[in-house]
Amino acid sequence: MNEMAVTRPLAPAASGRTRPGRVAGAVLMAVGVVLLGAAAVGRLPASGWTAFALVFGTFGVGAIAHIVATYVGTPPGIQNDGVQFNGAQTRGFAGWLLGLAFTTFYCLLYWKGELLGGMVALVEPLSRMLRGAPADHWFLYGFVYTYAIVFMGVRFAYRYRHVRYQLVRTASVVFFQLGFAFLIPAFLRLMQQPEFYFTYFWPLKYDYLFPGTIADLTKSGASLGVFMVTWGVVAAFVATPILTYYFGKRWYCSWVCGCGGLAETAGDPFRHLSSKKLSAWKFERWSIHLVLVAIVLCTALLWTNSALGGDVLGRFSQGYASVYGFVVGAALSGVVGVGFYPLLGSRVWCRFFCPQAAILGLFQRFFSRFRITTNGGQCISCGNCSTYCEMGIDVRAYAQRGANVVRASCVGCGICAAVCPRGVLKLENGPTHGDRFEHSGKPLKALLESLRARS
Amino acid sequence: MHVVILGNGIAGATAAVEVRKRQKAWRITLISGESDLFYSRPALMYLYMGHMRLGDLHPYERRFWDDLRIERVRAWVEHIDTRERRLRLDRGEAMPYDLLLLATGAQPNRFGWPGQDLQRVQGLYSLQDVETLERATPVVRHAVLVGGGLIGIELAEMLHSRGIHVTMLARESAYWNNALPDQEAQMIGRLVRERGIDLRLGTQLAEITDDGRGGAAGVVTRDGERIACQLVGLTAGVTPNVAVARDAGIPCSRGVVVDASLRTAIDGVFAAGDCAEIAGPDGGRVEQLWYTGKAQGEVAAATMCGERARYERGVWFNSAKFLDLEWHTYGQVTPAVGQRPAGERHGWWQHPSARHGLRVVTRDGVVVGMNAMGLRHRHRVWERWIAERRDAGYVLDHLREANFDAELSRRWEPQMRASLKEQLA
């Protein structure tokens with residue numbers, strides 16, 4: 001039979017999708033993009049706050065108009081009508097175009113920052129006000145990033161307004177991005193202090209435990225610097241295991257982290273593009289743990305070198321660190337991680353490469369009370385849960401046999417439970433972690449026995 | 001040994017996997033004229049609404065079937081020769097079998113209405129139905145659905161998502177109130193109307209009119225009202241596909257008649273799922289739900305492999321989503337007040353928003369059933385309570401245990417407990 005007809009609509013989508021507000025919003029956003037382009041090439045006939053308001057105001061008003069026209073007045077509930085018919089969301093022409101635009105921006109940001117001068121000038125007044133310092137392309141990036149999380153966060157919250165978990169979680173990611181990843185670092189700069197991000201730790205923010213960074217922060221015994229270093233160590237080695245034991249990796253990945261925050265908000269239209277194939281899972285388990293090994297090795301090398309006074313490993317450890325920075329810090333986390341949202345889904349970085357996610361995932365898999373439980377025999381194998389899982393987990397495979405979902409990669413976003421039409425899935429912090437592995441009720445004993453059996 | 005299974009829906013696909021688990025060496029062939037791969041039938045609506053693609057509806061990747069060495073044949077079966085144990089496929093090809101499972105599913109009811117065979121008159125059961133609907137959609141502005149059950153509301157939601165105005169004709173006095181008590185039925189009816197769907201209760205179809213080119217132009221109700229439309233959805237239940245079995249001389253009543261082990265009267269032939277009618281002392285039962293199909297597929301596989309298996313459904317349960325309103329039910333709930341056995345008492349709590357409700361039913365003080373509207377409840381907990389014959393006091397004191405709503409959801413257990421205890425005391 002011809003299966004084209006059931007995979008491609010022959011008729012227009014619901015009338016709600018062609019409301020005038022949506023068109024007006026789209027036009028305003030397009031004007032915003034054109035103005036941004038004009039600013040980038042220095043042809044915007046305005047400057048200072050006027051230019052800032054013109055570009056970001058026009059785009060923002062357009063975005064809000066579009067969101068309001070799309071969702072306000074619609075009944076609360078799952079809003080996935082027509083997702084698979086939208087070219088921008090299904091690797092159509094618009095999707096590839098978006099991917100190209102995102103990757104280009106990241107390439108310029110990391111390697112040709114000077115070409116962004118026109119755009120940097122736009123945020124100059126904001127930088128002066130918040131940081132008391134001139135803007136640079138990293139400040140521009142931080143601003144655009146936060147702007148995307150705030151506006152797309154509004155969209156996400158409106159889409160899932162019938163699920164309180166989603167509202168609270170979205171408020172959390174917006175709060176941590178706006179406060180801890182944007183305003184506080186800017187304020188620190190204003191106070192002539194190091195721009196420190198309290199919500200990023202080693203190994204995601206890998207240089208926070210590099211000897212050079214620690215030396216800089218604690219230079220001349222600055223008490224704030226000592227606090228920052230202590231914070232970083234405690235967060236990485238004490239808070240992370242404890243919080244992950246009680247809540248799973250979600251406490252960080254879908255509630256606090258900025259990468260996760262962008263994925264959950266700006267990445268939401270693309271979440272279904274993650275691959276659910278077995279081959280993707282196999283790749284993921286290698287790639288993410290290899291990055292973890294690489295950064296542990298990198299840190300160890302730098303410390304060894306520092307202990308040896310820089311005599312033996314000097315060039316090598318520095319070179320290794322800069323290669324890691326290029327490959328993982330820039331190419332994988334930025335260009336691929338966000339640039340490929342419209343092609344591979346919103347969690348490419350988090351799923352395949354993030355070393356922080358690797359550590360949290362190991363804890364979640366073996367020593368955590370978090371799991372997704374399934375509701376007896378109610379599953380109809382429809383596939384909404386798997387389709388909309390941004391981490392590419394085949395949730396249905398668990399749900400249809402009534403098994404708990406215990407997976408290292410699950411970030412606990414809760415969308416599988418929201419889109420389930422039969423009330424089958426629930427995120428829970430259970431009383432035990434007995435569903436982790438055999439004899440996991442007594443993990444130490446199990447470990448000792450397995451060692452004894454092997455020796 | 002060659003096991004041939006007709007139909008790759010939930011019953012047929014489950015049976016194929018279950019036979020393979022028991023018999024590594026047997027040859028297993030899964031025949032379907034409908035689709036290459038087993039897909040989730042209840043998810044067809046999401047295909048049309050653009051939530052998922054066809055590939056997303058497949059619970060298992062293609063390689064799963066290859067790894068299990070389950071052969072798949074895309075064909076319709078034209079004839080079964082039970083004496084020679086041989087099938088004839090629509091391509092003329094013959095296929096011998098040793099054991100045959102009929103899992104041929106069902107089709108939308110057509111009650112002999114004039115015009116029921118016109119173009120753009122259809123039900124919603126198969127992949128082909130969605131394809132036909134997709135082809136019709138560009139010319140449809142208004143659709144009339146005949147029958148107001150679960151499929152009716154699904155089809156209404158589907159069409160509505162494409163901007164098509166929908167009129168639903170329902171024979172009942174409230175939405176689906178042959179299955180739901182009045183309060184639940186009214187809750188859904190109100191939601192359907194709020195959504196802009198024109199729900200006509202107590203209305204029946206008389207005929208479907210012709211547009212002069214072989215397509216539907218409208219309907220006439222029994223009250224003589226004419227409603228112009230371009231599409232008529234037949235959603236008044238489904239009837240088992242028995243034609244191929246009946247032609248082969250396999251005894252059929254409403255469905256293909258089987259015993260509790262899912263054997264038909266003919267040696268080597270079994271039936272499961274939507275097409276099967278399980279004979280019993282109180283007459284035959286036809287069960288057409290996803291989980292009953294799955295359970296019957298498991299029993300049929302065990303029987304075919306020589307085990308003594310019996311299909312026993314256990315505590316009844318079901319669930320659905322009416323537009324955005326979720327429903328869970330466990331145990332026995334007699335919908336009509338007049339038909340409730342002596343000693344059956346109902347307690348109903350409803351949130352002021354009319355988006356959440358809980359019904360608890362007791363018989364002689366023992367909890368026998370429940371309905372949850374806009375609330376998620378745990379299957380295993382209610383199953384246990386009903387099996388253990390708990391009283392209302394116990395169940396209401398432990399309601400929290402049964403709650404399955406997402407974390408941070410609003411909870412109303414104290415209000416429910418107070419209200420329901422008073423009604424059931």
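1. Accessible areas here come from the Shrake-Rupley method with a 1.4 Å probe, and for residues only the protein chains shown count as cover. On that basis, the surface of chain A comes to about 19,600 Å², with 70% of it belonging to carbon and sulfur atoms.

2. A word on ground rules: this is a predicted model, where local features need pLDDT of at least 70, side-chain atom pairs count only at pLDDT 80 or more, and totals for chains, interfaces and linings use all residues. Residues are numbered from 1 along each chain as its sequence is written, and side-chain values use heavy atoms, leaving out hydrogens and water.

3. Chain A has 21 helices and two strands (DSSP runs numbered from the N terminus: H or I of at least four residues for helices, E of at least two for strands). The radius of gyration of chain A, at 23 Å, is close to the 23 Å from the globule rule for 455 residues, so the chain is as compact as a globular protein of that length (C-alpha atoms are used, and the rule is 2.2 Å times the number of residues to the power 0.38).

4. Of the 455 residues in chain A, 53% are buried, meaning under 20% relative accessible area with a 1.4 Å probe, protein chains only.

5. Do look at helix H13 of chain A, residues 278-307: its 30 residues reach 44 Å from first C-alpha to last, close to the 44 Å expected at 1.5 Å a residue (1.5 Å times one less than the number of residues). Among its buried residues are Glu284(A), Cys298(A) and Asn305(A). Just after H13(A), Gly309(A) has a positive phi of about 75 degrees.

How values were computed: Chains lettered and ligands numbered in written order. Buried < 20%, exposed > 50% of the residue type's maximum accessible area, 1.4 Å probe, protein only.
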